[in-house]
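Open the structure in your viewer and keep the selection tool at hand. The tour goes from one selection to the next and says what is there.

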Amino acid sequence: MDPITRTLPPPSSLSTSVVSFLNGKLNAKEDLEQAPALLSELRSQCHALDQSLSDLNTQLRSYLINHASHSDRTGVLLRDIDAKLGDLHLASSSSSSDGGSGKVLGEELPALAKEVARVDTVRTYAETALKLDTLVGDIEDAVSSTVKRTLRREPSTKSSEEMRVVAIRTLKLTEDTLRLVAKTHPQWTRLVSAVDHRVDRSLAILRPQAIADHRSLLTSLGWPPPLSTLNSLGPESKGSTDVQNPLFTMKGNLKQQYCESFLALCSLQELQRQRKSRQLEGQNREIALNQPLWAIEELVNPISIASQRHFSKWVDKPEYIFALVYKVTRDYVDSMDELLQPLVDEAMLSGYSCREEWISAMVTSLSTYLAKEIFPMYASQLVDEDGTSGMHSQARISWLHLIDQMIAFDKRVQNLASHSGILFSLQEDGKLEKLSSFSVFIDRPDWLDLWADIELTDAFDKLKPEIENERSWSTQIRGVSVLSAQEDSKSPAIASAFHQRFSSVIDRCRSLPSIQLRSRFLKLSGAPIIHRFLGCLLFRCQEAEGLTALTDNDALMKVAKSVNAARYFESLLKEWCEDIFFLELGLDQVTQLDTSTDGNGFGLEESSGNGILYEEIRRLEEFRTGWVEKLSTVVLRGFDVCCRDYLKNKKQWQEKGEEGWMVSQSFVGALDYLQGKMSVLEEGLNRMDFVGVWRSLAPGLDKLIFNGILMTNAKFSDGGVERLSNDLAVLFGVFGAWCLRPEGFFPKLSEGLKLLKMGKKQLQNCLVGGEIWLKENKIRHLTAAETEKVAKNRI
């Protein structure tokens, strides 16, 4: 044998892997030629592995050194703490003899306590981080296991469901720990943020998978059920179909799987609510936390898709759309209370009613369809018929018909939801929006403006015949006034017509789900009706004034009826403003005004006096008071004309009264005119505004007669004083029909007559007494100059 040739080791001494490697590389004689290259490759690989092993040993040595160093530092720190505690004990024991305790307690003890607290914080942080890392690792393992089982399409989902339950339970433990950390150690934000990031990634996988499994179960149950047949879809249809509820018919293992899946979704949602509540601490959390129930949405979505195939056929007959949605909602609402609500309660998902969530989800699906398909089409039809008269526009009629159907639908749905104990009269806007088909206007205020314009045009079209009918202005409303139960309002029938139209707008406004929408709609469609009413009243009053200057009785009655109508409508508005509906609108208006004025509150108290209708009430008051003042001015002007000769005759005050006359003959005509006009106004005006007329007229007459007689150079004898006294007694008697002491409304004449009746000595004292004498003699409405003038005219 060639000495250079080496013998191979026996095959039995080689491992199985080596034998397999050699068989693969040296399978034939020709392969022996490749042996040197193979040897070189193996040597190269062995060298690389040796180098890698050397690097790992070096790295391990470095880790051990670092660990030893950290352990040494920790040991030194602990030994230092132990030594300081020993020193503290020795110092405490000898403090009674050397007085050194003050230094220990004042300097060393705080530093020691701070060091102990730091070490404890580090230990707590490390323990918390390790605990959270372990929990998150368990979550990721459970989620990964669930996904792998789903991808393998295993026939049984039991193990997958069990792993999902484990993941949810671990998620809750993690959230409880994070909540405790955020409360006790708010400075550990990076730790909380890192854990939240990993948990979010797991939830992003877990929730879609849970929803997909839940949908698969619903399909197995036969959901969605077949919709009602077309013959039972009339708007007034109340009978139930023969289709059975799959939620009631499911049994056995399928029912158990559905309940577990439903419970898992609810638990995931409650976990998400808790996480959002913690993350949004100190912020407005209501919007983020008030989310629809996921499991109920999964029931509604397939029904919504199936229903839309029917909706597309009924675009011109919306009553069928609303009838179908209501019928489906009503037929399956009982299963929500009986079957699903206990599962929601078991999941500790607080604040949720399955009945309410089912109804609100169905209404939301309807509102979404209306917003996408119905309203855009109706709005485009209105644009196409823009030049058509409002009375005959088919697009406007269709729009109003759609609104009528929405109002009726919302009433039926809210009545259906009321069985859960919800009080809609005191309900906040957030929940009411979910149960109202009018929520389509929240995101489309332009449609709300369009609707308000249609309502306003329709109201004006219905009011036009009433306005043009003169009988509406002459016939009085039979009934009692709002402000007084003992008087007739004397308002013309036109006021009742405007009241009916305005009430109709208010009723439709109540159907809107938010205060902002109601306020906007009322301003756009309600306020213009009041403005139109006020404009009609003003036109009639100006027409009467322009034709006769209010000198004849017919003109006075025309103005009086307009004032009565304004009083009637104003009283109604004030009564409405005390209702909770208008108080909420007024409060919202004040809030907006406060925001627009940067919170300085200037003018808020005044503008909020009568709520949202403050401006309209103020205009009605200004109109009424202005024309009441004009009526008294007209009577005063006519009285002035009638008694002009009476006032100019100065000699009569030095003569005795005319025989057979209790009053001056030249004054009779003026008194007759005054009594005649006041009788007309008393008959035509309501009692409250008539009081305003005579109370405004009395001071004018007082000033007119006082300046025309007592402030002139007329001289008064005893007979003249008696004559003036008789004339004023008759004048006071006219007003005595409406008050007990009419002379109190004529202060200047009463006090002037009092001066004229005084004796000579008193008048002399008056001329020298000045202001003091006036106070002593209770002369309060005459100045010293006026008193002197009257006293000098007495002869």
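Predicted model: local features only at pLDDT ≥ 70, side-chain atom pairs only at ≥ 80, totals over all residues.

Residues are numbered from 1 along each chain as its sequence is written, and side-chain values use heavy atoms, with hydrogens and water left out.

**Whole protein**

Show the protein as a cartoon. The secondary structure consists of 30 helices and zero strands. Both are DSSP runs numbered from the N terminus: helices are H or I with at least four residues, strands are E with at least two.

The accessible surface is about 43600 Å², and carbon and sulfur atoms hold 54% of that; areas come from the Shrake-Rupley method with a 1.4 Å probe, and for residues only the protein chains shown count as cover. Of the 795 residues, 42% are buried. Buried means under 20% relative accessible area, exposed means over 50%, and partly exposed is in between (1.4 Å probe, protein chains only).

A contact means heavy atoms within 4.5 Å. Among contacts with a separation of 6 or more, 77% join residues 24 or more positions apart.

**The nonpolar core**

Select L340, W358 and F441. In the largest nonpolar core, which has 196 residues, these three touch the most other members. Such a core is a set of buried Ala, Val, Leu, Ile, Met, Phe, Trp, Tyr and Cys residues joined through side-chain atoms within 4.5 Å. Helix α13 (residues 354-384) gives the largest share of this core, 14 residues.

Stay on W358 and show what surrounds it. Leaving out residues up to four places away in sequence, W358 touches a set of residues that includes W223, I296, L299, Y332 and M336.

The peptide bond from W223 to P224 is cis, with omega near 10°. P224 is in the loop between α6 (189-221) and α7 (246-249).

Next, select A549, in the loop between α19 (515-548) and α20 (553-576). A549 is not a glycine, yet has a positive phi of about 55°. Its relative accessibility is 36%, so A549 counts as partly exposed.

K778 is another residue that is not a glycine but has a positive phi, here about 60°. Look for K778 in the loop between α29 (760-776) and α30 (784-792). With 53% relative accessibility, K778 counts as exposed.

**Salt bridges**

The structure holds 40 salt bridges. Each is a side-chain nitrogen of Lys or Arg within 4 Å of a carboxyl oxygen of Asp or Glu.

Select R278 and E175. Their closest N and O atoms are 2.8 Å apart, in a salt bridge. R278 is in helix α8 (residues 252-279) and E175 in helix α5 (residues 158-184), so the pair links distant parts of the chain, 103 residues apart. Are these two residues buried or exposed? R278 is buried at 10% relative accessible area, and E175 is buried at 2%.

Move to R396 and D453, whose side chains meet in a salt bridge at 3.8 Å, N to O. R396 belongs to helix α14 (residues 394-417) and D453 to helix α16 (residues 445-468), so this pair ties together parts that are 57 residues apart in sequence. R396 counts as buried at 16% relative accessibility, whereas D453 is partly exposed at 37% relative accessible area.

**Two packed helices**

Finish with helix α26 (residues 687-710) and helix α28 (residues 747-756). They pack at an angle of about 35°, with axes 7 Å apart. Axes are lines fitted to C-alpha atoms, for helices over the stretch in contact, and angles run from 0 to 180 degrees between N-to-C directions. Residues in the contact include L701, I705 and F706 of α26 and L749, G752 and L756 of α28. The contact residues divide into seven nonpolar, one polar and two charged. Here Ala, Val, Leu, Ile, Met, Phe, Trp, Tyr, Cys and Pro count as nonpolar, Asp, Glu, Lys and Arg as charged, and the others, Gly among them, as polar.
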